[in-house]
Amino acid sequence: MPEMVSIQDIAAHLGKEITLRGWIADHTDKGRLHFLRFRDGTGFIQAVVFEKDVSPETFSAAKKLTQESSVILTGTPRADARAPGGFELSVKTIEIVQIAQDYPISPKEHGVEFLMEHRHLWLRSPRQHAILRVRATIIKAIRDWLDQNGFTLVDTPILTPAAVEGTTTLFETEYFGAPAYLAQSGQLYNEADIMALGKVYCFGPTFRAEKSKTRRHLTEFWMVEPEWAFGNLEDYMNVAEQFVSYIVQTVLRDRAAEMKTIERDVAKLENIAPPFPRISYTDAVDLLKQKGFPDFNWGDDFGAPHETVISESFDKPVFVHHYPTDMKAFYMERDAHNPKVCLSADLLAAEGYGEIIGGGQRSADLNYLAAQIAKHKLPRAAYEWYLDLRKYGTVPHCGFGLGVERTVAWICKLDHVRETIAFPRMLEKIYP
Ligand code: 4AD
Ligand code: MG
């Protein structure tokens with residue numbers, strides 16, 4: 001049996017007989033010649049079955065192949081500039097694993113509603129395949145950068161007794177007769193973990209019962225959250241710009257073919273390197289007033305159209321810092337000179353993509369936090385452990401959370417986060 005290889009390694013096997021295992025993405029019958037667009041999970045290749053080169057059994061097997069039939073091919077690959085992908089396989093034998101039934105997704109255009117209902121099959125298309133490979137590389141880059149820069153991974157719980165980012169988006173569940181909530185963020189646990197380990201990160205699914213139907217919101221999304229002791233707002237922005245630049249440059253290096261498949265113009269990503277521009281919330285409000293939002297008031301939250309205008313004003317991601325204290329979560333440290341604003345910053349991605357990171361410096365002050373918990377009407381008992389952290393060796397500290405799906409959407413330049421994860425969870429959408 002010839003050596004089993006993957007399409008992604010095909011260049012090392014030109015001129016030698018090999019075996020490929022996978023599926024028929026498309027089949028064109030030209031009489032004595034059959035063109036098979038074949039995929040194996042690592043890539044796509046054009047396979048040709050020429051009547052005069054194969055046995056009658058192989059030729060009749062080729063004729064039967066429907067879209068998505070699973071097969072094992074043997075044949076010889078060679079470089080061919082005319083073939084999509086640059087290589088072509090001259091098929092010698094075909095072993096049919098299954099002849100697929102009529103496949104619902106044909107190469108013609110389909111509406112997105114239909115494709116989302118068939119997400120379990122849509123994943124097989126070249127574009128979705130490429131996006132998922134970029135996503136995997138983004139996640140690997142995230143882990144590599146943090147692991148190489150002194151952060152220890154500490155997993156945080158998903159079942160939790162209390163809110164982090166406010167009570168309005170909590171998914172409630174029942175925990176042996178008492179209410180519990182799916183984690184909105186691992187941050188509060190990270191704050192305990194840094195007092196043991198210095199620099200940590202958690203990385204897992206987080207949940208928001210968002211009632212908003214936007215192109216940026218999922219109800220279940222993946223967030224990486226680095227947190228460290230003895231860090232301030234400035235430190236956070238310095239770390240985050242290094243981190244995001246590394247992620248982007250890793251994708252450009254390792255996923256060039258996939259970026260081409262999704263037709264992403266990478267020119268705008270090539271210049272993503274520190275330093276990133278930084279403007280205060282107050283200056284961002286002035287910018288909005290000049291750029292089409294004359295009635296925007298200081299203290300209002302940015303919606304998607306506002307974020308888009310701000311981010312389109314810069315050619316790199318931009319930090320907006322010192323948000324109004326009342327706009328942000330209870331744990332944010334206040335500015336010592338102006339307590340109306342806090343030591344928070346969001347990173348808005350370039351090209352109009354809006355917020356991909358939220359973070360800042362946490363209050364180290366026991367009395368202030370106790371007052372904030374009361375002010376935000378949070379149940380004090382569920383936060384006693386968190387307040388303990390301010391009793392036993394409290395230190396200034398900071399951290400941030402980067403949403404994986406919004407990062408994928410920006411780097412791949414996608415219209416909607418629904419294509420950034422294999423099985424998105426959105427308002428009124430849990431199938432498949
Ligand atoms: O700004 P957020 O809510 O910040 C936090 O949760 C902090 N506790 C993080 C921290 O400081 N450790 O969320 C952080 C990021 C957002 O910038 C966004 O990228 C993503 O998480 N995110 C969402 N992504 C998809 N759908 C949603 N509903 C999201 N909500 C937040
Ligand atoms: Mg935020």
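Some housekeeping. This is a predicted model, in which local features need pLDDT of at least 70 and side-chain atom pairs count only at pLDDT 80 or more, while totals for chains, interfaces and linings use all residues. Residues are numbered from 1 along each chain as its sequence is written, chains are lettered from A and ligands numbered from 1 in the order in which they are written, and side-chain values use heavy atoms, with hydrogens and water left out.

First, the overall picture. The C-alpha trace spans about 85 × 55 × 40 Å along its principal axes. Of the 432 residues, 52% are buried, meaning under 20% relative accessible area, with exposed over 50% and partly exposed in between, using a 1.4 Å probe and protein chains only. Take contacts, that is heavy atoms within 4.5 Å, between residues at least 6 apart in sequence: 66% of them join residues at least 24 apart.

Now the cores. A nonpolar core here is a set of buried Ala, Val, Leu, Ile, Met, Phe, Trp, Tyr and Cys residues joined through side-chain atoms within 4.5 Å. The largest one has 60 residues, and I142, Y236, F243, I357, W410 and I411 have the most contacts inside it. Helix 6, residues 233-254, supplies the largest share, 11 residues. A second, separate core has 21 residues, including I18, I24, L36 and I94. Back to Y236: beyond four places in sequence, its contacts include W228, F319, I357 and F400.

Next, helix packing. Helix 4, residues 126-148, packs on helix 6 at an angle of about 135°, with the axes 9 Å apart. Axes are lines fitted to C-alpha atoms, for helices over the stretch in contact, and angles run from 0 to 180 degrees between N-to-C directions. The pair is therefore oblique; under 35 degrees would count as roughly parallel, over 145 as roughly antiparallel, and 65 to 115 as roughly perpendicular, with the rest oblique. By class it has 11 nonpolar, four polar and two charged residues. Nonpolar covers Ala, Val, Leu, Ile, Met, Phe, Trp, Tyr, Cys and Pro, charged covers Asp, Glu, Lys and Arg, and the others, Gly among them, are polar.

What does helix 4 do with helix 13? Their axes come within 10 Å and cross at roughly 120°. Residues of helix 4 including I131, I138 and I142 meet residues of helix 13 including V404, V408 and I411. That contact has nine nonpolar, one polar and two charged residues.

V417 and L218 are 199 residues apart in sequence, yet 7.4 Å apart in space, C-alpha to C-alpha. Beyond four places in sequence, V417 also touches R215, E405 and A409, among others.

Last, helix 5, residues 187-197, where Q187, L188, N190, E191, D193 and I194 are buried. These buried residues pack against strands 11, 12, 16 and 17 and helix 12. Just after helix 5, G198 takes a positive phi of about 85°.

Key. Helices (H or I, at least four residues) and strands (E, at least two) are DSSP runs, numbered from the N terminus.
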